[in-house]
Amino acid sequence: MPTDFTSLRPDIAACGLYCGTCRKFRQGKCPGCRDNAKANWCKIRQCCTAHHYSSCADCTLIPLEACKKFNNPIAKIFALVFRSDRPACIRRIREIGYDRYASEMNLSGRQTIRK
């Protein structure tokens, strides 16, 4: 069942990135995507907000691989530059849940699962 986008974990972005290890997030200089009204440009965030999803992990409308919002050109460049596997992040959230995912990412010190 969809949840309120603003109610779950502010340290997990709509796309599955883990903000909890980000220096700016930890210092209070960035609210993360969840509470960042300036992040209107992010189509993934817009979609999750509109559907009341905490992240793409909650979506059952379309397979992640087929989602044009999740797999947009900017996301592909981001994945290449940062060696980020955001689909793996979403799969991991689906497998173990948000709290365990945040714990794993926090222990690893990473914001994303690497390719």
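1. Basis. The model is predicted, so local features need pLDDT of at least 70 and side-chain atom pairs count only at pLDDT 80 or more, while totals for chains, interfaces and linings use all residues. Residues are numbered from 1 along each chain as its sequence is written, and side-chain values use heavy atoms, with hydrogens and water left out.

2. Largest pocket. A pocket is an open set of points on a 1 Å grid over the protein atoms alone, where a 1.4 Å probe fits, with protein on both sides within 12 Å along at least five of seven lines; lining residues have an atom within 4 Å of a point. The largest pocket holds about 850 Å³ of space, a volume being the space filled by probe spheres set on the points. It is lined by 29 residues, and Ala13, Cys15, Leu17, Trp41 and Phe78 are the closest to its centre.

3. Its lining. At least two residues each come from helix H1 (23-26), helix H2 (43-51) and helix H3 (73-82); helices are DSSP runs (H or I, at least four residues), numbered from the N terminus. H3 has the largest share, four residues. By class the lining has 18 nonpolar, five polar and six charged residues (Ala, Val, Leu, Ile, Met, Phe, Trp, Tyr, Cys and Pro count as nonpolar, Asp, Glu, Lys and Arg as charged, the others as polar).

4. Second largest pocket. About 160 Å³ of space lies here. Among its 15 lining residues, Cys47, Cys56, Cys59, Ile62 and Cys67 are the closest to the centre. H2 gives the most to this lining, three residues.

5. Ring pair. There is one aromatic pair (ring centres within 6.5 Å; planes under 30 degrees apart count as stacked, over 60 as edge-to-face, the rest as tilted). The centres of Phe78 and Phe82 are 4.7 Å apart and the planes lie at 40°, so the pair is tilted. Both residues belong to helix H3, four residues apart, and are therefore separated by about one helical turn.

6. Helix pair. The axes (lines fitted to C-alpha atoms over the stretch in contact, with angles from 0 to 180 degrees between N-to-C directions) of helix H4 (residues 86-96) and helix H5 (residues 98-108) come within 7 Å and cross at roughly 125°.

Notes. Rings of Phe, Tyr and Trp (its six-membered ring) pair if their centres lie within 6.5 Å; planes under 30 degrees apart count as stacked, over 60 as edge-to-face and the rest as tilted.
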